[in-house]
Amino acid sequence: MNQTAKPDGKIRHWDVGRERDWIKFSNVGSRAFYLKGELALLEQSLISFVSKMLEERGFFQLTCPEFLRSLVVEGCGGDFTDPDQIYRLQSGAGDSSSEMRHTKPGYHLRGLSPLSFAAYLTKMNIDVTTLPQNYFAVGRSYVPVKSSQVERLPGLYGALQSVKAQLCGVCRDDEESWQTFQSFCSLLLELYGGLKLPLRVVRLPASALHTSEQLRHNLQIWAPAVSDYITVASVSLIGDYISRRLMIQYSTDTGTIKHGHFVQMVHAEVMDVTKLIAVLVEYGSITDQFFQMPDIATLRGYLF
C-alpha cells in the first residue's frame, strides 16, 4: 500500500524519501541525514542552477573555509563563548578547565554564513573604483540546536546541517547599499516567482533582527506537510556594523592624503537548497505508485 500520500491528501517529503530510499535519517542524531539517489542528484542540480544564474549576473564566486576565529564571530556581533550560537572546536590542549577553554578565543565551525564573507574582507582596504562588489558562495552551513527554531520542525525542515547559496554586497555608502538591498530582493522575487509556488515576503520586526542587522526581508514558501510558510531565502541590510569592527575600508585620495571610509554591507541567503528540495518534493504528484516532481519552467532540465 502506498503510504506517501496521507488521508489528508498531503505529500510529506520525509515519507517520500523513506519509501523511495532517497533520504536516510541517521541514527547519530535526530537532525542528521543522507540524501541518496535522485535527491542527491537534485541537490547538485540546484547548486549548478543557482551558481550559473549568479555568474551570469556578474557575481564573483568564492569558496569559503568552514572554520572561523573567535575574532570574526565577535566582530559580526556574536558571542563566541555561547555554545547555543556557534560550535566551538576543542583542541584538547591547554587549560584542563572546560569553562576556561570556552571563554578563551579559539576556532569555530559555522560553515557558510555572513561570517564567511566578513572573514575574507577583514582588515581589507578596497579600491574605491571597484565598488560595489558582489560576491557569492555555495556551501554547507551548521546551526547549533538551541540557536534555531528548526528543532521543532520535521524532516529536512529541521536539519541543522544544510546546503546554502549566499551573497554579499560591499558598497560605498548608504545610498549604494540600499540600491544593492533592493536589487537582491528583486533577484529573489524573480527567482522564486518563476517557481509558481505560494510565497510571501516578510519584513522582520526589530526584535527579531540579529545585532548586526538594520533590516531583513525573509522570502517564504508554503510547505503543505507542515501547513506553514518555510523560509528559503532572505536579504539583510548590515550597514557598517561589521566593517567598523573588522576594519573593512575603502580609501579616497585627496591630493597626497588618503582618507579611509568604512564600507556598507548587504547579505542575502539566495537559496536554502536543503529546504527547497523538501518543498519541491511536497509539490510533486503520485500516479500509480509513480512519483513526479512538479513541472516548473525555470527549473526544467534540473528536476528529475
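**Entry 1: second largest pocket.** I looked up the second largest pocket and noted about 220 Å³ of space in it. The model I am reading is predicted. I listed the residues that line this pocket: S26, R31, A32, F33, Y34, L35, E43, Y87, R140, Y142, L160 and Q161. By class, I recorded seven nonpolar, two polar and three charged residues in that lining. The largest share, three residues, I assigned to β2.

**Entry 2: helix α2.** I turned to α2, as E43 lines the second largest pocket and is also among the buried residues of this helix. Helix α2 spans residues 37-56, 20 residues in total. From its first C-alpha to its last I noted 29 Å, close to the 28 Å expected at 1.5 Å a residue. Besides E43, I found L39, L42, L46, I47, F49, V50, S51, M53 and L54 buried in α2. After the helix comes G58, for which I noted a positive phi, near 90°.

Entry 3: I asked how many cavities of 30 Å³ or more the count gives. The count comes to one. For the largest cavity I recorded a volume of about 50 Å³. I listed P114, F117, C168, I238, I242, M265, V266 and H267 as its lining. Both α5 (114-121) and β15 (264-272) supply at least two residues of that lining, and the largest share, three residues, comes from β15.

Notes
Residues numbered from 1 in each chain as written. Predicted model: local features only at pLDDT ≥ 70, side-chain atom pairs only at ≥ 80, totals over all residues. Heavy atoms only, no water. Helix = DSSP H or I, 4+ residues; strand = E, 2+ residues; numbered from the N terminus. Expected span 1.5 Å × (residues − 1). Buried < 20%, exposed > 50% of the residue type's maximum accessible area, 1.4 Å probe, protein only. 1 Å grid on protein atoms, 1.4 Å probe; cavity = no way out; pocket = protein on both sides within 12 Å on 5 of 7 lines; lining within 4 Å. Points joined across faces, edges and corners; volume = space filled by probe spheres on them. Nonpolar A, V, L, I, M, F, W, Y, C, P; charged D, E, K, R; others polar.
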